[in-house]
Amino acid sequence: MSPLSNNSLFLDYHRNPFPMFFLRGLNVSLSTDDPLQIHLTKEPLVEEYSIAASVWKLSSCNLCEIAHNSVYQSGFSHALKSHWIGKEYFKSGSRENDIQRTNIPHIRLEFRDKVWTYLWLNYLFNFL
């Protein structure tokens, strides 16, 4: 999501669903959109992260998880993803986590994995 772009075009920053999606454990990331028209600095992605951290009171751990999600979602090669977020980035839970690269505590990724598993199993049990 690009909250600054959304804010300038159609959705007030404080009404953006990004923080709600993130708190619920969805795999969301921040991005830029039309940096020459919307952003005020030479580093539009840093601007997105800085404003999001300030407005939504995101911790450094939150920002690290969001950056991790961004690399995970990207079209980068396996080699680049392995370099930036760890050799086993594709595994679930804390097994994927190279804390030296991601700066995300194992317990956070375990929690995300357990919630996702619970919701998926609940969906399968109730709807299929």
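Colleague: What counts as a helix or a strand, and how is the expected span of a helix set?
Modeller: Helices (H or I, at least four residues) and strands (E, at least two) are DSSP runs, numbered from the N terminus. The expected span of a helix is 1.5 Å times one less than its number of residues. This is a predicted model, in which local features need pLDDT of at least 70, side-chain atom pairs count only at pLDDT 80 or more, and totals for chains, interfaces and linings use all residues. Residues are numbered from 1 along each chain as its sequence is written, and side-chain values use heavy atoms, with hydrogens and water left out.

Colleague: How many helices and strands does the chain have?
Modeller: There are eight helices and zero strands.

Colleague: What is the reach of H4 from its first C-alpha to its last?
Modeller: H4 covers residues 44-56 and reaches 18 Å, close to the 18 Å expected for its 13 residues. Just after H4, Lys57 has a positive phi of about 55°.

Colleague: Which residues in H4 are buried?
Modeller: Buried means under 20% relative accessible area, exposed over 50%, and partly exposed in between (1.4 Å probe, protein chains only). In H4 the buried residues are Pro44, Glu47, Glu48, Tyr49, Ala52, Ala53 and Trp56. Of the 128 residues of the chain, 34% are buried.

Colleague: Changing topic, how many disulfides are there?
Modeller: The count is zero, a disulfide being a pair of cysteine sulfur atoms within 2.5 Å.

Colleague: Is Cys61 buried or exposed?
Modeller: Cys61 counts as buried because its relative accessibility is 18%.
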